[in-house]
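Please look over the structure below with an eye to strand pairing and helix packing. The briefing that follows takes these two topics in turn.

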Amino acid sequence: MVVRTRLAPSPTGAPHLGSAYAALFNRAFAHQHGGQFILRIEDTDKARSSDASESAILEALRWLGLDWDEGPIVGGPKGPYRQSERISTYEQHIQKLCKLEGAFHCFCTKERLDQIRRQQMLEGKVPKYDGLCLSLSESEVEARLEQGVPHVIRLRVPDEGTCQFTDGVRGEIEIPWSQVDMQVLIKSDGFPTYHFASTVDDHLMEISHVFRGEEWISSYPKHQLVYKYFDWKMPQHYHLPLLRNVDQSKMSKRRNATSINYYRRCGYLPEALLNYLATMGWSMPEEREKFSLEEFYAKFDPNRLSSRGPVFDTEKLSWLNGLYIRELSHDELKRRIYDWAFGENRLDALLTLVQERSERFDDLFRQADYILGDRSALDSQQFDHKSVSQQDCLRILDFADRRFESIEEWDREILYSALKTLSEAMSLKFRDFLFPLFVAIAGRSVALPLFDSLVLLGSDVTRVRLRSAIQTLGGISKKQRKILDREWQGLSRE
């Protein structure tokens, strides 16, 4: 059997640490067995997918050295490798699945679905589709389709019994079919959901093994049913444990630095980051903590994968990164530092900012310390201001972070316009609105121009600094979060 593995990220945001984590194990297993590692872009969410996000994912994987054997740019015999370019394939397969009675048309409105789910939750039941449209006759379905009634296509799920499967990490798993929803396979816009497109693509691309996060275990029964209805052989699955914080809480982009680009911008070496990720849920036979990618490929054994949630400790990562830095030759260290600090035209942009504000060369480092290196530690007293309270500062930082999340092109004028509009919606003078942002980004209220600084730092570092500042102000409680959520929704509608 030819071993073929894959990574299938959605281009809906910054390249995620979890994608690198999964890519590492998929690529290692494939290459260890002389197989192929495939990259597939799952871009069927038209509203959220973007070319900028896809480019960032490809660049991040290449920076890490996780090149793919088949996929975007490099091509391959099983393409195209973007799901948006495979719609006709899904159309053919969903028609066949409906004929096999593995799927059915559902004409229920959103209002009805919301109502039955609310009722199910009140009754303490698992919220899921109640199967109303399963009772429609073939003629009724055809009539509604001819009338152009909006609809989706759902997966038919057994009423009784259990889904049984063997996970490569956790062993035997059973999930009652009563807990499995009749998943939407084709949305009302004609585009497939992840659950259908992924299973069809995995079969057509001859994927033999899948290493993915444990959050997908609950989806396995739905995927198994699609394979069963088509009479296909399902790949062997290994559900990797989720990365956790030191306090054992799940890493989340709201609380943690989860973007690959953040670690790149902070000066971590790609080989050190990969080495550390390889120890997340797996260990060398001799328990060594530092090893090369080649050593990992030679020693990797899925039987040594653990189901316990590994702790992603940035202090431990920094210690490991330090070992790699000290092994670099003088010339290599010089090259790496220059690329990190001044690559991608950063030096030109920085000099443009500081030249007119400098009297001596050493003014460069005094003015740009928070751009070239980490920002100094904050104190809540730094957010004292005559016009905005610390609570106002917290709101500004939180709402700015939310606004930044939706900005794809990290451009000075776009950032300025976004924050100017936000300050007006919050009924705050722009100068007062910007005060906590200066402190959060630079560690002081007076610094180089804010928007130029944001561009130089990039989205990932910027947003981590905003969240760090929020924690300096005491963080946001669950009660406060609900209040801010409601206020944000109101601002977003304006």
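Strand E4 (residues 152-155) pairs with E7 in the antiparallel sense over two bridges, where strands are DSSP runs of E with at least two residues, numbered from the N terminus, and two strands pair if DSSP finds at least two bridges between them. This is a predicted model, in which local features need pLDDT of at least 70, side-chain atom pairs count only at pLDDT 80 or more, and totals for chains, interfaces and linings use all residues. Residues are numbered from 1 along each chain as its sequence is written, and side-chain values use heavy atoms, with hydrogens and water left out.

**Sheet**
- Arg-154 stands opposite Val-184 in E7.
- The open sheet has three strands in the order E3-E4-E7, with antiparallel pairing.
- Because strand E3 (103-106) and strand E7 (184-186) stand at the edges, each with a single partner strand, one side of each is left without a neighbour in the sheet.

**Helix packing**
- Helix H15 (residues 390-405) and helix H16 (residues 412-425), helices being DSSP runs of H or I with at least four residues, pack at an angle of about 135 degrees with their axes 11 Å apart; axes are lines fitted to C-alpha atoms over the stretch in contact, and angles run from 0 to 180 degrees between N-to-C directions.
- The contact (heavy atoms within 4.5 Å) is made by Phe-399, Ala-400, Arg-403 and Phe-404 of H15 together with Leu-415, Ala-418, Leu-419 and Leu-422 of H16.
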